[in-house]
Amino acid sequence: MIDKFFKNILKLFGFIIIFLGLLIFLSLFSSSLPSIKKFGLKFLFLSDWDPVNEVFGGLPFILGTLITSLLAFIISLPFILSVTIILGVYFTEGFIAEILRHIIDLIAAIPSVIIGFWGLFVFVPIVREVELLLGVTPYGVGIITASILLAFMILPYSASIGKDAMRLVPQDLKEAAFSLGATKWEVIKKIMIPYARSGIIAGMFLSLGRALGETMVVTMVIGNKNSIPQSIFEPGNTIASVIANEFAEAITHLHVSSLIYLGLILFLITMLFNIIAKFMLKKFKI
Amino acid sequence: MKQMLVFTFSCFSIFLCKYVNAQKIELLGAGATFPYVLYSKMFDVYYKEKGIKVNYQSIGSGGGIRQLKEKTVDFGASDAFLSDQQIKEFKSPVLHIPICLGAVVLTYNLPNNPELYLTPEIIVDIFLGKIKKWNDKRIVSINKHVKLPDLSITVIHRSDGSGTTFVFTDYLSKVSKEWKEKVGTGTSVSWPTGIGGKGNEGVTGLIKQIPGSIGYVELIYAKQNKLPISFVRNKSGKFIKPDINSTSFAANIDLPDDTRISITDTDNEEGYPISSFTWILVYKEQNYNNRSYEKAKELVNLLWWMVTEGQKYPENLDYAKLPPKAVEKAKNIIKSITYNGTPIIK
C-alpha cells in the first residue's frame, strides 16, 4: 500500500519536472513568436542589434556565447585533468587532499557576482597590462577576460565529478596492471582514464552548460559590445548577458520578444550540448 | 504523520486568517530604478505618518510600464514618458505625474582629473567616435586652463537598458541631426563606438580603470562617489555645472498640461541641459479590476502628498525637487483622476 503510494508520489514529481521543462519551452516559443515571425531563421545570421529602429539579429550574441564557453572549456581542460588525476590518484586522502578539495569546493561556492567584481577590479587591469605588452588595444575587458574567469568558475564542477569517477576505478584492475609491471603513469593513462572517461566527459559537459548560461561574471567583464568580435581581445557580448542587460528596460514588443527569442536559442544550444554529452557517454562507456 | 498534518494545517489557517484580517489598504507600485532611493524614503515616511503601506519594486521603467499595462500594480514609474504609440497600446488613458528630477553627467578619467568644459557638438562627436584624442583642437580650444594629453578617448556607455541612457541619447538627438538619424533615442541603442558597463557602478568601474575614458552616469551617483564632472554648454551658451539647482532650473519652463515633455537642451538660461523628469504613471479612471473606491482614494492621496509635502525629501537625497511650475501642473493632473467618471479630489 505505502509502497504504491510512494511510487505514485515519485512518478508525480517526475512528471511535474518534465511538464515544467516542456512548459518553459512552450512559453519561450510563444513569447518569441512576434520576433520569429518578423525575422525567422535569418535572426541567427543577422548581426545588427538596434532597439531604436527595431532591427534585431542574434549572431553577435550566439557567437559570443559559443566562443566564450568553448574558450573557457579549452582553458580549463588542463586544470581539470590535473586536478582530477591528482585528487583521484595521487592524493586520495590526507592533508593535501583535504585542502585541495576544500579549495575547489570553495570556488564553486563563491557567488558569481563576487567573481565578477574581483574580475573587474583585479583581473581586468592585469589583462590590460598583458594586452599592452602584446600590442593590441588595451581594453582589459573582452572575450578573453570573460573566458578565463569562466574557466575558473566551471573548474570545480568537472573536477569534482572527474575525481569521483577516477576513484570508482576498481582496485583489482589497478593492481592487475601494476602486477603486470605497468608504471604509475601507464596505469593512469591506460587503465584509469579510459575507465573513468565517461564520468570525466560528463563532468566537462556539465561545466560547459554552466559556462553557456553564466550571466553576471560575463556581463561585468566582457565589455558588452553588441557586435561580432574581431579577435578574442575585443569586447563582445553573450546571450545570457544581453538578456540580463536589456530585459528590464525593453519597452517595445519586438525588443522583448527578440530577447526571448535569444533565450529560446540558448535553451536549444544547451539542449544540443546535453544531447551530445549523452551521445558521448554512450559511445565511451566501457 | 497525522500530528504533522494538523500542525501544518493550523499554521496555514493562522496565516490565512491573518491575511484576511489584514485587509488594510496596501498600494503596490513598480518601475524605474533611478528614483528608488527617494521613493523608499517617501513611502517610509508616508507609512509612519498615514499608516498606508506602499510597496515599490524597482524593476526598471520598462517593467513598470508592462506591469501597469497588465494592471497588476496600482502605479508604474518611468524615467521616460510614454510615446503616443505606447499610449495607444493602453486600453484606457494613462496619466503622467512628475515627482522629481534627475540629471545625467559626463565623467572621465584624465591625469589629475581637471575641470572640463564641453559643448554639445564635442559630446556628440566623441560619442559618434569622430573625436578620437583628448588633445583634439576643438576640445583644447575651450579648455585652455588645462593641458590635455595626447591620449585616445575610450567611450563607456551603459550596457543595460536604462532611463539614464534614454535621457542622454534624447539630449544627443536634440543637439545633433546626425545622432538622431544614425543612432536615435532609446533605453538601449546601437552605440557607434565604445564599451558597455552594467549600471552606474559598472560604467564608473570601467572609467576609473581606463585612462582617457569618458562616460555618463546619474548626477546622484557621480556626487556620492565624488567623480569628476564636466560643465556642459546649454542652449543659451552658458557653461553649466550640473547640480540639483541647475537641474531644477531646467524644468522651470512652460510645461504642457500632461507634463509629457523632454526638458533636455532646456531653454532656461540657468538650466543644466541633460536633465529629465521622472514620472509616476496611473490610470485616469481608477475603477478597473474591481478596485475599491477606498484604494483609489488612498492612491490619489499618496500622489498628492508626494508632489506637495513630499517635496522636502528629494534635496537631502541629491535629487532635484520639482520647480513651482511643475508642481502646479502635477496637482492639476492628480485632480483629474476619476472613479466612475467623478473626480476623487477637488
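Author: Start with one pair: B:V232 stands opposite B:I240 in β10(B). The model is predicted, so local features need pLDDT of at least 70 and side-chain atom pairs count only at pLDDT 80 or more, while totals for chains, interfaces and linings use all residues. Residues are numbered from 1 along each chain as its sequence is written, and chains are lettered from A and ligands numbered from 1 in the order in which they are written.

Two strands pair if DSSP finds at least two bridges between them. Strands (E, at least two residues) and helices (H or I, at least four) are DSSP runs, numbered from the N terminus.

These strands belong to an open sheet of three, ordered β5-β9-β10 in chain B, with mixed pairing. At its edges stand β5 (117–118) and β10 (239–240) of chain B. Each has a single partner strand, so one side of each lacks a neighbour in the sheet.

Chain B also has an open sheet of eight strands. Its order is β2-β1-β3-β11-β4-β8-β6-β7, and its pairing is mixed. The edge strands are β2 and β7 (195–197) of chain B, each pairing on one side only. From one strand to the next, the twist averages 25 degrees. (Axes are lines fitted to C-alpha atoms, for helices over the stretch in contact; angles run from 0 to 180 degrees between N-to-C directions.)

Take the β2 end. Strands β1 (residues 26–31) and β2 (residues 53–57) of chain B are parallel, over five bridges. B:E26 stands opposite B:K53 in β2(B). With helix α2 (residues 36–50) of chain B, β1(B) and β2(B) make a right-handed β-α-β unit. Right-handed means that, with the strands pointing away from the viewer, the path from the first strand over the helix to the second runs clockwise. β1(B) also runs parallel to strand β3 (residues 75–78) of chain B, through three bridges. There, B:A30 has B:G76 as its bridge partner.

Further along, strands β4 (residues 94–108) and β8 (residues 213–218) of chain B pair in the antiparallel sense over five bridges. B:L106 stands opposite B:Y216 in β8(B).

Last, the helix. Helix α12 (residues 293–307) of chain B has 15 residues. From first C-alpha to last it reaches 22 Å, close to the 21 Å expected at 1.5 Å a residue. (The expected span is 1.5 Å times one less than the number of residues.)
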